[in-house]
Amino acid sequence: MKDFSLFDIIGPNMIGPSSSHTAGALRIAQLARGMLPGPIVQADFTLYGSFARTYQGHGTDRALIAGVLGFSTEDSRIRDSFQWAEKMGLRYRFTLNTQEKDCHPNTVQLLLTNQQSETATVTGVSVGGGAAVITRINGVEIDLTGDYHTILVRQQDTPGVVAAITSALSEHQINIAFMRLYREARGSLAYTIIEADEAIPPAAVAQIHAHPSIQSALLIPRIGA
């Protein structure tokens with residue numbers, strides 16, 4: 001059973017009326033933004049359940065855009081995130097899905113595109129108190145909360161890749177808190193998610209990315225770090 005702190009129960013300071021619909025939504029978008037290198041130029045949001053029904057009144061739309069832009073939960077620019085999106089060159093679109101019932105009521109799927117026309121499809125759930133979980137990326141089920149410094153590795157599922165990743169982190173004296181491997185099928189595309197107690201240096205990420213079977217290695221700093 002997870003132990004909850006007072007912060008978990010009350011949630012973070014947040015501009016908006018609801019921690020689930022604002023802080024949690026912003027956190028999802030922050031994490032999703034980390035799945036692609038460079039600025040995001042297009043964000044397509046599909047909202048489900050309660051998100052779809054109340055997203056405008058509760059400020060979920062502003063929070064999602066703010067998260068994609070990289071704003072923190074205490075940033076006063078959240079109120080004007082539509083205008084900031086225009087200033088920063090972010091195009092966006094909201095689609096509502098009120099028919100799907102087999103999902104958490106606070107669910108959003110993001111299709112993000114960066115300046116290099118690379119895309120990522122990310123599904124996240126706001127679980128209350130400003131907390132969120134990324135549950136799927138590009139069709140692969142994962143579990144990512146942003147509570148740790150994280151490296152997200154996309155790779156071919158070939159022998160020796162995971163050993164190369166952990167070896168690189170060991171060389172840089174990174175203590176691994178959690179490591180999870182997700183794959184589409186044996187020998188196909190896979191994701192390794194490593195959560196660490198301390199910040200992961202860019203040199204370690206570059207060393208991992210240099211492996212011939214690794215397509216990308218992205219550093220996702222701990223939310224609030």
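A crossing of two helices is called left-handed if the near helix is turned anticlockwise from the far one by less than a right angle, and right-handed if clockwise.

Okay, the ground rules. What we have here is a predicted model, where local features need pLDDT of at least 70 and side-chain atom pairs count only at pLDDT 80 or more, while totals for chains, interfaces and linings use all residues. Residues are numbered from 1 along each chain as its sequence is written, and side-chain values use heavy atoms, with hydrogens and water left out.

So, the overview. The chain has 7 helices and 10 strands; those are DSSP runs numbered from the N terminus, H or I of at least four residues for helices, E of at least two for strands. Of its 225 residues, 48% count as buried, meaning under 20% relative accessible area with a 1.4 Å probe, protein chains only.

Now the helices. Helix H6, residues 161-171, packs against H7 at an angle of about 155°, and their axes are 9 Å apart. Those axes are lines fitted to C-alpha atoms over the stretch in contact, and angles run from 0 to 180 degrees between N-to-C directions. That makes H6 and H7 roughly antiparallel to each other, the label for angles over 145 degrees. And here's the opening definition at work: H6 passes H7 in a right-handed crossing. Who touches whom? On the H6 side you have Ile165, Ala168, Leu169 and Glu171, and they meet Ala204, Gln207 and Ile208 in H7; contact here means heavy atoms within 4.5 Å.

H7, residues 202-209, also lies across two strands, S7 (149-156) and S10, running at about 165° to S10.

Which brings me to the sheet. It's an open one of 4 strands, ordered S8-S9-S7-S10, with antiparallel pairing; two strands pair if DSSP finds at least two bridges between them. S8 and S10 (214-220) are the edge strands, each pairing on one side only. From one strand to the next, the twist averages 15°.

Zoom in on S8 (residues 176-183) and S9 (residues 189-196): they run antiparallel, joined by 7 bridges. If you want to find your way along that pair, isoleucine 176 stands opposite alanine 196 in S9, and leucine 181 has threonine 192 as its bridge partner. One last thing to click on: the hairpin has 5 residues between the strands, and glycine 187 takes a positive phi near 80° there.

Notes:
Buried means under 20% relative accessible area, exposed over 50%, partly exposed in between (1.4 Å probe, protein chains only). Angles under 35 degrees count as roughly parallel, over 145 as roughly antiparallel, 65 to 115 as roughly perpendicular and the rest as oblique.
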